Amino acid sequence: MPSFKIDTSTAVVFVATAPTPKLVNKQTGEISVDRETGAKMMTVGLLISDEGEGNLYQVAVPETGVPEGLAPGSPVSVVGLKARDWENEFNGQKRHGISFRAVAITAGV
């Protein structure tokens with residue numbers, strides 16, 4: 001499925017939730033890895049505010065692109081943020097949504 005670049009150049013971005021490993025399977029605890037680099041994937045909650053509207057996004061980022069010590073409330077910049085729609089079927093139910101992925105998160109604005 002195609003992905004779309006998201007321009008955050010005019011946005012204010014804060015960490016909402018600290019980085020946690022992105023799980024492929026919650027039952028087994030298997031951690032997702034980047035297909036190209038093999039780096040572990042992390043999920044970071046980001047509050048992105050732009051043009052008077054703020055939204056919370058769960059963004060997948062390779063562990064190598066997440067600086068040490070990211071804490072809720074920290075101002076950050078997002079490098080290479082993209083959105084991609086997804087759809088799957090689980091237990092006979094179709095589900096769909098939008099996933100977000102970034103190349104890196106940098107501390108400070």
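**Exercise 1. Work out how much space the largest pocket holds and which residues line it.**

Step 1: Start with the volume. In this predicted model, the largest pocket holds about 1,500 Å³ of space. A pocket here is an open set of points on a 1 Å grid over the protein atoms alone, where a 1.4 Å probe fits and protein lies on both sides within 12 Å along at least five of seven lines; lining residues have an atom within 4 Å of a point. The volume is the space filled by probe spheres set on the points, with grid points joined across faces, edges and corners.

Step 2: Look at the lining. It has 36 residues, and K22, S32, A60, R84 and S99 are the closest to the centre.

Step 3: Find the elements. β3 (23-25), β5, β6, β8 (82-90) and β9 (93-101) each give two or more residues to this lining. The largest share, eight residues, comes from β8. Strands are DSSP runs (E, at least two residues), numbered from the N terminus.

Two notes on the ground rules. Residue numbers count from 1 along each chain as its sequence is written, and side-chain values use heavy atoms, leaving out hydrogens and water. As the model is predicted, local features need pLDDT of at least 70 and side-chain atom pairs count only at pLDDT 80 or more, while totals for chains, interfaces and linings use all residues.

**Exercise 2. Describe the largest nonpolar core.**

Step 1: Count it. The core has 18 residues, and those with the most contacts inside it are V13, L46, V59, V76, L81 and I105. Such a core is a set of buried Ala, Val, Leu, Ile, Met, Phe, Trp, Tyr and Cys residues joined through side-chain atoms within 4.5 Å.

Step 2: See who contributes. β2 (12-21), β5 (41-50), β6 (53-62) and β7 (75-79) give two or more residues each, and β5 gives the most, with four.

**Exercise 3. Is F4 buried or exposed, and what does F4 contact?**

Step 1: F4 sits in strand β1 (residues 3-5).

Step 2: Check the area. F4 is exposed, because its relative accessible area is 52%; the cut-offs are buried under 20%, exposed over 50% and partly exposed in between (1.4 Å probe, protein chains only).

Step 3: List the partners. Leaving aside neighbours within four places in sequence, F4 contacts L81, K82 and A83. The C-alpha atoms of F4 and R84 are 6.4 Å apart, although 80 residues separate them along the chain.

Notes
Contact means heavy atoms within 4.5 Å.
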